[in-house]
Amino acid sequence: MKFLKYSLLAGLMALAAPLSAQDTPVVVELYTSQGCSSCPPADQILHELADRDDVIALALHVDYWDYIGWKDPFGDPAHAERQRAYAAAGHRRSIYTPEMIVQGQTDIVGAKPMALAKAIAEHARQAPKVAVTLSRDGNALKITAKRLAQVQGGMTVHMLRYEPRQTTHIKRGENAGKTVEYANIVEGWTVLGHWDGREALKLVAQVEGDKPSVVIIQGRNAGPIFGAARLR
């Protein structure tokens, strides 16, 4: 664990400078489960990324490990479906935890902080293809987007909320006895619609409460992420 923390710190420090000037954050999705003994190191990596402005770090808890003795309270079958869509798009035969998907394109197996740091840096250097802006007026989340470069095919507009921090004492299963603080736990993932990019996008979505909101504009069928924004 000490080596993991050192590697993560080194990786994040290495990419802090180039990302500080990047206006469009890089989206990192972690597919994880409280029932998976290999997941806590990856959960810790996401925890370290959670408060950064240049990265939107999202924990998507899946439900397919619930059968082994512990039901993940954050697990959602929709998260597993999204992971399966990524697997199909990447011609991968199976899904697993922990897995990280960076910007809808780069998949990283397990807890590999240096590989993750490299992937984030590579995607951050790419010019954004869509600019997304969010503002809120009461319960109305106002979404605007503009295409900055050519994209192939149509785009899907996703919205989600997340719980910034939550601690769970796991009583059964592979992680029995552990108390883990989780970060950026995704909930309420919704598809708002589709967009062809020819005209500026203007949408209003209803949100309640003070949890952060994230909007992601992505190629259809689990394609690359072209732009994203967050409102804390």
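1. Let's start at helix H3, where Asp-76 caps the N-terminal end: one of its side-chain oxygens sits 2.8 Å from the backbone nitrogen of Ala-78. Helices here (H or I, at least four residues) and strands (E, at least two) are DSSP runs, numbered from the N terminus. Bear in mind that this is a predicted model, where local features need pLDDT of at least 70, side-chain atom pairs count only at pLDDT 80 or more, and totals for chains, interfaces and linings use all residues. Residues are numbered from 1 along each chain as its sequence is written, and side-chain values use heavy atoms, with hydrogens and water left out.

2. H3 itself covers residues 77–89, 13 residues in all, and spans 19 Å from first C-alpha to last, close to the 18 Å expected at 1.5 Å a residue. That expected span is 1.5 Å times one less than the number of residues. Just after H3, His-91 takes a positive phi of about 60°.

3. Which residues of H3 are buried? They are His-79, Ala-80, Arg-82, Gln-83, Tyr-86 and Ala-87. Buried means under 20% relative accessible area, exposed over 50%, and partly exposed in between (1.4 Å probe, protein chains only). Seen down the axis of H3, the buried residues fall within an arc of 160°, so they line one face of the helix. The arc is taken from the directions from the helix axis to the C-beta atoms. As a reminder, an α-helix has 3.6 residues a turn, so residues three or four places apart point the same way.

4. Glu-99 deserves a look. This residue is found in strand S3 and, at 2% relative accessibility, counts as buried. Its side chain makes a polar contact of 2.9 Å with the side chain of Gln-83, a residue that is buried in H3. The Glu-99 side chain also has a polar contact with that of Tyr-96, at 3.1 Å. A polar contact is a pair of N or O atoms within 3.5 Å; within protein, one must be able to donate a hydrogen and the other to accept it, and residues adjacent in sequence count only if both atoms are side-chain atoms.

5. On to the strands. S1 (residues 26–32) is mostly covered, with 7 of its 7 residues buried. Val-26, Val-28, Leu-30 and Thr-32 point one way, while Val-27, Glu-29 and Tyr-31 point the other. S1 joins S3 (residues 99–102) through 4 bridges, running antiparallel, and Tyr-31 stands opposite Glu-99 there. Strands pair if DSSP finds at least two bridges between them.

6. S1 also pairs with S2 (residues 55–61), this time in the parallel sense over 7 bridges. Leu-30 stands opposite Ala-59 in S2. The chain gets from S1 to S2 through H2, in a right-handed β-α-β crossover. Right-handed means that, with the strands pointing away from the viewer, the path from the first strand over the helix to the second runs clockwise.

7. How many of the 10 residues of H2 (residues 40–49) are buried? The count is 7, so H2 is largely enclosed by the rest of the structure. Among them are Asp-43 and His-47, along with Ile-45 and Leu-46.

8. Last, the aromatics: Tyr-64, Trp-65 and Tyr-67 form one cluster. Trp-65 is partly exposed, at 26% relative accessible area, whereas Tyr-67 is exposed, at 66%.

Note on methods: Phe/Tyr/Trp six-rings, centres within 6.5 Å; stacked < 30°, edge-to-face > 60°.
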